[in-house]
Amino acid sequence: MIGLIDYGGGNVGSVLKAVEYLGHAARPVDRPELLTSATKIILPGQGHFGAMMSALGQRGLLAPLREMLTRGTPYLGICLGLQALYEASDEAPEAPGLGLLPGRVKRFEGVFKVPHVGWNQLEVQQESRLLQGIPHSSFVYYCHSYYGPVTEQSVAVTEYGQRYAAAVEIGPLWAVQFHPEKSSEVGLRVLKNFLDG
Amino acid sequence: MFAKRIIPCLDCKDGRVVKGVQFVDLRDAGDPGELAAMYDREGADELVMLDISASREGRATLMETVNQVARRLFIPLAVGGGVRTLDDARRLLSAGADKVAVNTAAVERPDVISEIAAHFGRQAVVVAIDAKRPRDLAVKEIHGVTDSVSFTSEGVWTHFKPAPTAPPWKVLTYGGTRETDFRALEWAARAESLGAGEILLTSMDADGTQRGFDCELTAAIARSVHIPVIASGGAGSPEHFAEVFLCGAADAALAASIFHFGQHTLGNLKRFLATRGVPVRLVGNRSDAVESRGSRVES
């Protein structure tokens, strides 16, 4: 059973709809006992970094999540679910991230419109299972004010004022800054790669 | 490259899509789910559903229509028309909308913007503004505003030159039937500060004329707020869309009546815009479409 982490502020409904459309069973998870029985985890993060980390902590989900990720449980982070992998975010300096990616999440600067809302292109940096079958320069849908820096684990980057991590893959740990449930065929393919793999 | 968005608009009345964007091969406008999937295939970047029901019963059945549209739609969906309270927003978002558009209710009680933003995030709130120029203000040449806008080849606005004067367009409410004393420019800035994620700007002068968007209005609003501005009202040709992006500084444009008679398709519009240097997302043929493997819930 795929667990969709529901911390109270995320985008669970839309992701659930997409997962079911692709023929997989999933359920919202808001308690530790539901999380630990999940075979794969999706964290559809939306809103404020600090609010999400705090809500995860309050629901007792943070420790089991860390443990499952260390054990290699397949994970797909969406939007804030990617940002949570970094060490910290400028959006909430007091809330540590999971520290699985080096560096800090920062706010867009030097661009007139923030948040970055709309379709932008994926520049593939290296082959990955996450982006299997997705053509280079495909468009995906973004809605965010903060971004994660490009690291070795970035399998694709996007440019909005600067280049930033669009998709990351560390073994079974995958994450995307864009919304695959809102990115039409390309997004569905990303979800399919995660669900079928 | 960051693309400008083309957003078809569906009018819904009493739970039915009554005026959608009619493409040449559209067979049946009756099934909202089919319609939605088709717009997605044609390359729509987003969909707006506007409820024009007069009755409360009509509003209630809107939820079911939203649900049917959202079920097979994997691009953003914004729903508006008669949204007055946080509860209205909650119901629409639960039914499958990603964003709700508020218009008259926000003018009458601006706090509704921050309430919805606080609960659902500002990306869920679109403030729709209907604006009209004062009777005695002449229409300027649209090319007069070209030098105020600037975007990089990646399609990203980096800066705007400050506007020389504050344009006096007024805000209308109740479907454009009532004129308020509020200036559109100031209202847009206030909406942004209250938590609006985007502005949907309709020129009531241009709306229905098919003679082009009001690029002066659009540019004035777009360069005064740091949130995206969706232009609406007046499109009659692909050239009008090029103008509103290149001269009007719009981030997105709403498309409705331009497609009603089948002369223009979404695909052709986007290809035309690409030749004019407007960054757009082109979708190729859909032989690689990801098929549903889930159970279909029969309506």
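The following legends accompany close-up views of a predicted model.

**View 1. The contact between chain A and chain B of the predicted model.** On the side of chain A that touches chain B, at least two residues each are supplied by helix 1 (12–21), strand 7 (116–121), strand 9 (139–144), strand 11 (154–160) and helix 6 (184–196) of chain A. Of these, helix 6 of chain A gives the most, with six residues. Sorted by class, the side of chain A that touches chain B comprises 14 nonpolar, eleven polar and nine charged residues.

**View 2. Helix 9 of chain B and the elements against which its buried residues pack.** Within helix 9 (residues 266–275) of chain B, the buried residues are Leu266(B), Leu269(B), Lys270(B) and Leu273(B). Because these buried residues fall within an arc of 95° when helix 9 of chain B is seen down its axis, they line one face of the helix. The partners against which the buried residues of helix 9 pack are strand 1 (5–13), helix 1 (32–42) and helix 8 (238–246), which also belong to chain B. Asn268(B) and Thr275(B), by contrast, are exposed and are carried on the face of helix 9 of chain B turned away from its buried side. Helix 9 of chain B is followed by Gly277(B), a residue whose phi is positive, near 85°.

**View 3. The open sheet of eight strands in chain A.** The strands of this sheet of chain A run in the order 2-1-3-4-13-12-11-8, and their pairing is mixed. At the edges stand strand 2 (26–29) and strand 8 (123–124) of chain A, each of which pairs on one side only. Within the sheet, strand 1 (residues 2–5) and strand 3 (residues 40–45) of chain A pair in the parallel sense over three bridges, and Leu4(A) stands opposite Ile42(A) in strand 3 of chain A.

**View 4. The open sheet of three strands in chain A.** Here the order of the strands of chain A is 5-6-10, again with mixed pairing. Strand 5 (88–89) and strand 10 (146–147) of chain A are the edge strands, each pairing on one side only. Strand 5 of chain A pairs with strand 6 (residues 104–107) of chain A in the parallel sense over two bridges, and Ser89(A) is found opposite Val105(A), which lies in strand 6 of chain A.

Note on methods:
Residues are numbered from 1 along each chain as its sequence is written. Chains are lettered from A and ligands numbered from 1 in the order in which they are written. This is a predicted model: local features need pLDDT of at least 70, side-chain atom pairs count only at pLDDT 80 or more; totals for chains, interfaces and linings use all residues. Two residues are in contact if their C-beta atoms, placed from the backbone, lie within 7 Å. Helices (H or I, at least four residues) and strands (E, at least two) are DSSP runs, numbered from the N terminus. Ala, Val, Leu, Ile, Met, Phe, Trp, Tyr, Cys and Pro count as nonpolar, Asp, Glu, Lys and Arg as charged, and the others, Gly among them, as polar. A residue is buried if 20 or more other C-beta atoms lie within 10 Å of its own, exposed if 12 or fewer, and partly exposed in between; C-beta atoms are placed from the backbone. The arc is that of the directions from the helix axis to the C-beta atoms. Two strands pair if DSSP finds at least two bridges between them.
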